Amino acid sequence: MAIDFGEKEREFIEGLKENTGRDLAEWMQAITDARLPHRNDIIDWLRHKGLMFSKASWLERIHHNGGRPIYAGVPSGAAPRRPARRRPEPRLAPSAVLRTAPPGPPAATPAAPISPPAAPAKPAPMPPATSVPADIDTLLAKAKAYRPLAQLILAKVRQAAPAAALSLRESAVAIGQPSPFALLGVSPKEVRLHLALGDHPFDETLKKGQAGGGLGKGEVLSHMLVLNDARQVDARLTELISQAASRTGN
(Lines give C-alpha, C1' and ligand atoms only; values in the text may rest on other atoms or scores of the structure.)
Protein backbone atom coordinates (compact mmCIF):
# COMPACT_ATOMS: atom_id res chain seq x y z
CA MET A 1 0.00 0.00 0.00
CA ALA A 2 1.36 3.44 -0.99
CA ILE A 3 2.08 6.00 1.76
CA ASP A 4 0.76 9.60 1.46
CA PHE A 5 3.64 11.67 2.88
CA GLY A 6 1.56 14.85 2.81
CA GLU A 7 -1.03 13.33 5.13
CA LYS A 8 1.68 11.88 7.41
CA GLU A 9 3.28 15.31 7.68
CA ARG A 10 -0.03 16.96 8.59
CA GLU A 11 -0.64 14.35 11.31
CA PHE A 12 2.92 14.78 12.59
CA ILE A 13 2.61 18.58 12.89
CA GLU A 14 -0.87 18.45 14.48
CA GLY A 15 0.37 16.05 17.17
CA LEU A 16 3.59 17.92 18.03
CA LYS A 17 2.16 19.98 20.91
CA GLU A 18 0.48 17.00 22.59
CA ASN A 19 3.36 14.56 22.06
CA THR A 20 6.38 16.83 22.72
CA GLY A 21 5.08 19.87 24.62
CA ARG A 22 5.97 22.25 21.76
CA ASP A 23 4.19 23.13 18.54
CA LEU A 24 5.93 23.56 15.19
CA ALA A 25 6.65 27.29 15.63
CA GLU A 26 8.19 26.68 19.06
CA TRP A 27 10.41 23.90 17.71
CA MET A 28 11.54 26.08 14.79
CA GLN A 29 12.49 28.89 17.21
CA ALA A 30 14.29 26.44 19.52
CA ILE A 31 16.34 25.05 16.61
CA THR A 32 17.21 28.58 15.45
CA ASP A 33 18.24 29.62 18.98
CA ALA A 34 20.50 26.54 19.26
CA ARG A 35 22.65 27.92 16.38
CA LEU A 36 23.95 24.53 15.32
CA PRO A 37 26.21 24.64 12.24
CA HIS A 38 25.26 21.38 10.50
CA ARG A 39 22.02 19.57 9.73
CA ASN A 40 23.24 16.38 11.43
CA ASP A 41 24.03 18.42 14.56
CA ILE A 42 20.41 19.61 14.62
CA ILE A 43 19.11 16.03 14.33
CA ASP A 44 21.40 14.86 17.18
CA TRP A 45 20.28 17.80 19.31
CA LEU A 46 16.61 16.97 18.71
CA ARG A 47 17.22 13.31 19.59
CA HIS A 48 18.72 14.44 22.92
CA LYS A 49 15.42 16.26 23.46
CA GLY A 50 13.67 12.89 23.39
CA LEU A 51 12.52 12.71 19.74
CA MET A 52 12.88 9.57 17.66
CA PHE A 53 15.26 9.82 14.70
CA SER A 54 12.46 9.94 12.10
CA LYS A 55 10.67 12.80 13.91
CA ALA A 56 13.92 14.69 14.53
CA SER A 57 14.87 14.35 10.86
CA TRP A 58 11.45 15.62 9.75
CA LEU A 59 11.69 18.69 11.99
CA GLU A 60 15.20 19.40 10.65
CA ARG A 61 13.93 19.21 7.05
CA ILE A 62 11.10 21.64 7.81
CA HIS A 63 13.58 24.03 9.47
CA HIS A 64 15.89 23.75 6.44
CA ASN A 65 12.82 24.62 4.33
CA GLY A 66 12.51 27.98 6.10
CA GLY A 67 10.14 26.65 8.77
CA ARG A 68 7.52 25.75 6.15
CA PRO A 69 6.13 22.21 5.98
CA ILE A 70 7.60 20.23 3.10
CA TYR A 71 4.18 19.44 1.61
CA ALA A 72 2.44 22.73 2.56
CA GLY A 73 -0.30 23.59 0.10
CA VAL A 74 -0.27 20.17 -1.53
CA PRO A 75 -3.81 18.72 -1.60
CA SER A 76 -4.38 15.45 0.19
CA GLY A 77 -3.53 12.61 -2.14
CA ALA A 78 -1.34 14.76 -4.41
CA ALA A 79 1.86 14.51 -2.36
CA PRO A 80 4.52 11.99 -3.47
CA ARG A 81 3.75 8.46 -2.45
CA ARG A 82 6.05 5.60 -1.71
CA PRO A 83 5.15 2.91 -4.27
CA ALA A 84 3.99 -0.45 -3.08
CA ARG A 85 6.62 -3.16 -3.25
CA ARG A 86 6.57 -5.26 -6.42
CA ARG A 87 5.84 -8.90 -6.05
CA PRO A 88 8.79 -11.02 -7.13
CA GLU A 89 8.31 -12.80 -10.45
CA PRO A 90 8.00 -16.58 -10.17
CA ARG A 91 11.25 -18.41 -10.74
CA LEU A 92 11.50 -21.44 -12.99
CA ALA A 93 12.11 -24.78 -11.39
CA PRO A 94 15.68 -26.07 -11.78
CA SER A 95 14.46 -28.89 -14.04
CA ALA A 96 12.89 -26.42 -16.49
CA VAL A 97 16.13 -24.43 -16.67
CA LEU A 98 18.12 -27.54 -17.46
CA ARG A 99 15.81 -28.47 -20.33
CA THR A 100 16.07 -25.06 -22.05
CA ALA A 101 19.65 -24.00 -21.26
CA PRO A 102 22.38 -24.62 -23.89
CA PRO A 103 25.16 -27.08 -23.10
CA GLY A 104 27.74 -25.55 -20.80
CA PRO A 105 31.54 -25.85 -20.91
CA PRO A 106 33.23 -28.99 -19.63
CA ALA A 107 33.20 -29.30 -15.87
CA ALA A 108 36.35 -27.96 -14.26
CA THR A 109 38.46 -30.05 -11.96
CA PRO A 110 37.05 -29.53 -8.46
CA ALA A 111 39.24 -27.41 -6.24
CA ALA A 112 40.58 -28.69 -2.99
CA PRO A 113 38.12 -28.15 -0.12
CA ILE A 114 38.71 -25.03 1.89
CA SER A 115 38.45 -25.23 5.63
CA PRO A 116 35.72 -22.96 7.00
CA PRO A 117 36.96 -19.93 8.96
CA ALA A 118 37.02 -20.23 12.70
CA ALA A 119 33.85 -19.08 14.39
CA PRO A 120 34.22 -15.59 15.91
CA ALA A 121 34.40 -15.37 19.67
CA LYS A 122 31.05 -14.79 21.29
CA PRO A 123 30.68 -11.32 22.83
CA ALA A 124 30.40 -11.09 26.57
CA PRO A 125 26.75 -11.21 27.67
CA MET A 126 25.15 -7.85 28.50
CA PRO A 127 23.94 -7.42 32.08
CA PRO A 128 20.17 -7.82 32.39
CA ALA A 129 18.14 -4.60 32.30
CA THR A 130 16.58 -3.42 35.53
CA SER A 131 12.97 -4.52 35.52
CA VAL A 132 10.21 -2.00 36.22
CA PRO A 133 6.75 -3.03 37.49
CA ALA A 134 4.05 -2.91 34.83
CA ASP A 135 2.01 -0.20 36.57
CA ILE A 136 5.06 2.08 36.82
CA ASP A 137 5.98 1.42 33.19
CA THR A 138 2.43 2.43 32.25
CA LEU A 139 2.91 5.70 34.14
CA LEU A 140 6.22 6.39 32.37
CA ALA A 141 4.45 5.97 29.03
CA LYS A 142 2.40 9.09 29.87
CA ALA A 143 5.59 11.14 29.50
CA LYS A 144 5.37 10.42 25.74
CA ALA A 145 8.46 12.00 24.12
CA TYR A 146 10.12 12.24 27.57
CA ARG A 147 9.59 8.56 28.37
CA PRO A 148 13.20 7.55 27.46
CA LEU A 149 14.49 10.38 29.69
CA ALA A 150 12.27 9.24 32.58
CA GLN A 151 13.49 5.66 32.15
CA LEU A 152 17.12 6.83 32.15
CA ILE A 153 16.66 8.85 35.36
CA LEU A 154 14.90 5.95 37.07
CA ALA A 155 17.75 3.63 36.06
CA LYS A 156 20.28 6.03 37.64
CA VAL A 157 18.21 6.12 40.84
CA ARG A 158 18.10 2.32 40.96
CA GLN A 159 21.89 2.18 40.44
CA ALA A 160 22.47 4.52 43.39
CA ALA A 161 20.10 2.56 45.66
CA PRO A 162 19.53 -0.94 44.20
CA ALA A 163 17.45 -2.13 47.15
CA ALA A 164 15.13 0.89 47.22
CA ALA A 165 11.45 0.04 46.81
CA LEU A 166 9.33 1.71 44.13
CA SER A 167 5.74 2.73 44.67
CA LEU A 168 3.16 4.51 42.53
CA ARG A 169 1.87 7.88 43.74
CA GLU A 170 -0.70 9.26 41.27
CA SER A 171 1.43 10.80 38.47
CA ALA A 172 4.79 10.04 40.11
CA VAL A 173 7.07 7.24 41.26
CA ALA A 174 8.21 7.32 44.90
CA ILE A 175 11.58 5.69 45.61
CA GLY A 176 12.61 4.39 49.03
CA GLN A 177 10.91 2.92 52.10
CA PRO A 178 9.80 3.69 54.72
CA SER A 179 10.85 7.30 53.98
CA PRO A 180 11.11 8.06 50.24
CA PHE A 181 14.32 9.85 49.33
CA ALA A 182 13.21 10.66 45.77
CA LEU A 183 10.08 11.25 43.72
CA LEU A 184 10.04 11.10 39.93
CA GLY A 185 7.16 13.11 38.44
CA VAL A 186 6.42 12.70 34.72
CA SER A 187 4.38 14.63 32.15
CA PRO A 188 4.49 15.19 28.37
CA LYS A 189 6.16 18.58 29.01
CA GLU A 190 8.98 17.73 31.42
CA VAL A 191 10.29 15.35 34.09
CA ARG A 192 10.76 16.49 37.69
CA LEU A 193 13.00 14.77 40.24
CA HIS A 194 12.39 15.67 43.91
CA LEU A 195 15.18 14.73 46.32
CA ALA A 196 15.61 14.72 50.12
CA LEU A 197 18.86 16.72 50.41
CA GLY A 198 18.27 18.56 53.69
CA ASP A 199 20.37 21.75 53.93
CA HIS A 200 22.23 21.22 50.64
CA PRO A 201 22.59 24.66 48.95
CA PHE A 202 20.26 25.59 46.08
CA ASP A 203 21.46 26.84 42.68
CA GLU A 204 20.11 27.60 39.19
CA THR A 205 19.24 23.97 38.45
CA LEU A 206 18.80 22.54 41.95
CA LYS A 207 15.78 24.45 43.19
CA LYS A 208 13.78 24.46 46.40
CA GLY A 209 11.24 21.65 46.37
CA GLN A 210 7.56 21.91 47.14
CA ALA A 211 6.46 21.09 50.67
CA GLY A 212 6.46 17.32 50.94
CA GLY A 213 7.36 16.99 47.28
CA GLY A 214 3.80 15.85 46.68
CA LEU A 215 4.11 13.03 49.22
CA GLY A 216 2.67 14.60 52.32
CA LYS A 217 3.84 16.87 55.14
CA GLY A 218 5.71 14.09 56.90
CA GLU A 219 7.87 13.25 53.89
CA VAL A 220 9.87 16.38 53.06
CA LEU A 221 11.71 16.32 49.75
CA SER A 222 13.61 19.57 50.02
CA HIS A 223 15.06 19.94 46.50
CA MET A 224 13.81 19.64 42.93
CA LEU A 225 15.32 19.45 39.44
CA VAL A 226 13.39 20.08 36.21
CA LEU A 227 14.81 17.77 33.53
CA ASN A 228 14.15 17.85 29.78
CA ASP A 229 17.45 16.75 28.26
CA ALA A 230 19.41 13.49 28.58
CA ARG A 231 22.62 15.52 28.95
CA GLN A 232 21.36 16.66 32.37
CA VAL A 233 21.67 13.07 33.61
CA ASP A 234 25.35 13.45 34.49
CA ALA A 235 27.79 12.60 37.27
CA ARG A 236 26.52 15.48 39.43
CA LEU A 237 22.94 14.20 39.26
CA THR A 238 24.11 10.70 40.21
CA GLU A 239 25.98 12.11 43.22
CA LEU A 240 22.91 14.08 44.38
CA ILE A 241 20.79 10.92 44.17
CA SER A 242 23.36 9.01 46.25
CA GLN A 243 23.42 11.76 48.88
CA ALA A 244 19.60 11.72 49.15
CA ALA A 245 19.57 7.93 49.51
CA SER A 246 22.25 8.04 52.24
CA ARG A 247 20.40 10.73 54.24
CA THR A 248 17.26 8.58 54.49
CA GLY A 249 19.02 5.27 55.16
CA ASN A 250 18.21 3.72 51.77
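Leaving aside neighbours within four places in sequence, Leu-193 is in contact (heavy atoms within 4.5 Å) with Ile-153, Ala-182, Leu-183, Leu-184, His-223, Met-224, Leu-225, Leu-227, Leu-237 and Ile-241. The model is predicted: local features need pLDDT of at least 70, side-chain atom pairs count only at pLDDT 80 or more, and totals for chains, interfaces and linings use all residues. Residues are numbered from 1 along each chain as its sequence is written, and side-chain values use heavy atoms, without hydrogens or water.

The largest nonpolar core has 32 residues. Such a core is a set of buried (under 20% relative accessible area, 1.4 Å probe, protein chains only) Ala, Val, Leu, Ile, Met, Phe, Trp, Tyr and Cys residues joined through side-chain atoms within 4.5 Å. Leu-193 is among those with the most contacts inside this core, as are Ile-153, Ile-175, Phe-181, Leu-184 and Leu-195. Another core, of 18 residues, lies apart and includes Phe-12, Ala-30, Leu-46 and Leu-51.

## Helices H7 and H8

H7 (residues 134–141) and H8 (residues 147–160) pack at about 135°, with axes 8 Å apart. Ile-136, Asp-137, Leu-140 and Ala-141 of H7 meet Arg-147, Ala-150, Gln-151 and Leu-154 of H8.

## Helices H3 and H4

The axes of H3 (residues 24–34) and H4 (residues 39–48) come within 11 Å and cross at roughly 120°. H3 and H4 are therefore oblique to each other. Trp-27, Ala-30, Ile-31 and Ala-34 of H3 contact Ile-42, Trp-45 and Leu-46 of H4.

Key: Axes are lines fitted to C-alpha atoms, for helices over the stretch in contact, and angles run from 0 to 180 degrees between N-to-C directions. Helices (H or I, at least four residues) and strands (E, at least two) are DSSP runs, numbered from the N terminus. Angles under 35 degrees count as roughly parallel, over 145 as roughly antiparallel, 65 to 115 as roughly perpendicular and the rest as oblique. Buried means under 20% relative accessible area, exposed over 50%, partly exposed in between (1.4 Å probe, protein chains only).
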